[in-house]
Amino acid sequence: MPPALPGARPDFIQDIAMTNGNSEHVTYRVKHFDPDRDQAPRWQEYRIASSAGMTVLEGLWQLKETQAPGLAWRASCRMGVCGSCGMWINGKARLACNTQIAELESSFVTVAPLPNFDIVRDLVPDLTPMFDAHTVVLPFLIRSDRAEQESPTVEYHQSREELERYLQFSYCIKCGCCMAACPTFATDALYSGPMPLTQAQRYNSDSRDDGFGQRKTVLAGTAGPWRCHYAGECSRVCPKGVDPAKAIQLMKRELVLDFLRLRRHSRPTDLVEKPEGIKRRPDIPEAPARTV
Amino acid sequence: MLDVRGHPNRLGLWGWLGGGRWGTDRYLYTLHRLTGLGLLGYFVLHIIVTSSRAFGQQAWEQAMARVSGPLFLIGEYLVFIAFAFHAINGIRLVLIELGIGVGKPIEPVYPYRTSLDVQRPLAVGAVLLAAVLAVVGGLDFFVWH
């Protein structure tokens, strides 16, 4: 091992050791469940070599190639964008592709499917309830100009300030980590959960949207934000910094103001006027034909 | 659509009490619920004891004698602590639910700063105030009386 640099952090030294070829071994403790064979989930341990920068997902691939060919999980992009590989890793909901083994600071990597969802197989949770709740809150722009939405001719106007009112909430990748971490959702199946409510707030705070009245009927009921008591775990585990806890509290404020008839109702923004006398540059191709 | 019948995996009460690497606010959430249940239990007991008055003076004095030992004094003090925490933390939650102290939506840039960080002074203040009340209550229960 090279000599310690002045002020260097221990994990930095560890990284140097790993890049020098001194790979270490970690023990993966993986939850298995085969619906055709198992009555209940079971744990199994594997020992694998890990190297600097190796992610939990890469460790799973290594496991599948060498020791557990039947192990099942969901993953796709490997870069924290698709939200497929949400798992329960060392007691916390995280993306397997976004979590390096070194950052766990343990020689044990415990991997289980996201809790609060039924297990389909091994590390694959059934996220259907989350997406059903998402559908119910009408997560799309609701406006009266339906023809314009179906076949847009120009853009809707939106200022930078108006964009910032919802931009944070639009980064959600629907990984389900917030739902797995929420203690209210852990005991209350009627509660919509952080992800759907955040997306409702995302559209409620969009200046182009006029759907607050429709969403209110869902949000004011038992599935709505009033079951949240700000444990804050959703915001702590969110891999994209979406901060669902904040979205839900802001939604509660809107609902209170609406109940007191103090909520300012503003008309959804208008269409941007189509510029006249503008010609398409010859090097810009036409948009492809619509497929849907 | 594929019909999937998976194995149940809801955390249930374990989701409140443990099972993960939780943050500070999660423990405040759990403590708020537990103190709420404790206060509810106290109110039930309180109603049972005071209702004995309806059965005459002797029944009332017997009931009061049963709940006047040192164990019940400590129990009442615990109820006071639960009340102090539950009330002050409840005020914090009401403020947060009105959007006070959680901040505005921001563009998430790593390392992410969440509303939990923004409202941290509220949480610390609530716990400190509850602790001060618990100390003053303790003096009132055990020293000044």
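This is a predicted model: local features need pLDDT of at least 70, side-chain atom pairs count only at pLDDT 80 or more; totals for chains, interfaces and linings use all residues.
1. Overall build. Chain A contains eleven helices and seven strands, and its C-alpha atoms, taken along the principal axes, fill a box of roughly 65 × 55 × 45 Å. Of the 292 residues in chain A, 48% are buried. Among the contacts in chain A with a separation of 6 or more, 62% are made by residues 24 or more positions apart.

2. Domains. The domain assignment of chain A gives domain 1, covering 10-125, and domain 2, covering 128-259. The contact between them takes 15 residues from domain 1 of chain A and 15 residues from domain 2 of chain A. Taken over C-alpha atoms, the centres of these two domains are separated by 30 Å.

3. The largest pocket. The space in the largest pocket comes to about 900 Å³, and 29 residues line this pocket, with A:Arg165, A:Asn204, A:Ser205, A:Glu254 and A:Arg264 lying nearest its centre. Helices H5 (160-164), H8 (194-204) and H11 (244-259) of chain A each supply at least two residues of the lining, and H11(A) provides the largest share, four residues. Divided by class, the lining of the largest pocket holds 13 charged, ten polar and six nonpolar residues.

4. The second largest pocket. Here the space is about 500 Å³, and the lining is made of 17 residues, of which A:Lys92, A:Glu103, A:Arg236, A:Cys238 and B:Tyr110 lie nearest the centre. Domain 1 and domain 2 of chain A each give at least three residues to the lining of the second largest pocket. By element, strand S4 (92-95) and helix H10 (233-237) of chain A each supply at least two residues, with S4(A) giving the most, four residues. The classes in this lining are eight nonpolar, five polar and four charged residues.

5. The largest cavity. The count of cavities of 30 Å³ or more comes to three, and the largest cavity has a volume of about 120 Å³. Its lining has 14 residues, and the closest to its centre are A:Cys172, A:Ile173, A:Cys175, A:Cys178 and A:Cys238. The lining of the largest cavity divides into ten nonpolar, two polar and two charged residues.

6. The second largest cavity. This cavity has a volume of about 100 Å³ and is lined by 14 residues, with A:Cys182, A:Pro183, A:Cys228, A:Ala231 and A:Gly232 nearest its centre. Helix H7 (183-187) and H10 of chain A are the elements that give two or more residues to this lining. By class, the lining of the second largest cavity has ten nonpolar residues, three polar and one charged.

7. A:Asn116. This residue sits in the loop between strand S5 (108-112) and strand S6 (119-121) of chain A. Is A:Asn116 buried or exposed? Its relative accessible area is 3%, so A:Asn116 counts as buried, the cut-off being under 20%. A polar atom of the side chain of A:Asn116 lies 3.0 Å from the backbone nitrogen of B:Leu11. Leaving aside residues up to four places away in sequence, A:Asn116 touches A:Met179, A:Ala180, A:Cys182, A:Phe185 and A:Ala186, together with B:Asn9, B:Arg10 and B:Leu11. One of these, A:Cys182, is also among the residues nearest the centre of the second largest cavity.

8. A:Thr99. The loop between S4 and S5 of chain A holds A:Thr99, and this residue counts as buried because its relative accessibility is 3%. The side chain of A:Thr99 reaches the backbone oxygen of A:Leu95 at 2.7 Å. Not counting residues up to four places away in sequence, A:Thr99 touches A:Met54, A:Thr55, A:Val56, A:Ile89, A:Arg94 and A:Leu104.

How values were computed:
Residues are numbered from 1 along each chain as its sequence is written. Chains are lettered from A and ligands numbered from 1 in the order in which they are written. Side-chain values use heavy atoms; hydrogens and water are left out. On a 1 Å grid over the protein atoms alone, a cavity is a set of points where a 1.4 Å probe fits but cannot get out, and a pocket is an open set with protein on both sides within 12 Å along at least five of seven lines; lining residues have an atom within 4 Å of a point. Grid points are joined across faces, edges and corners, and a volume is the space filled by probe spheres set on the points. Ala, Val, Leu, Ile, Met, Phe, Trp, Tyr, Cys and Pro count as nonpolar, Asp, Glu, Lys and Arg as charged, and the others, Gly among them, as polar. Domain bounds come from an automatic or database domain assignment. Buried means under 20% relative accessible area, exposed over 50%, partly exposed in between (1.4 Å probe, protein chains only). A polar contact is a pair of N or O atoms within 3.5 Å; within protein, one must be able to donate a hydrogen and the other to accept it, and residues adjacent in sequence count only if both atoms are side-chain atoms. Contact means heavy atoms within 4.5 Å.
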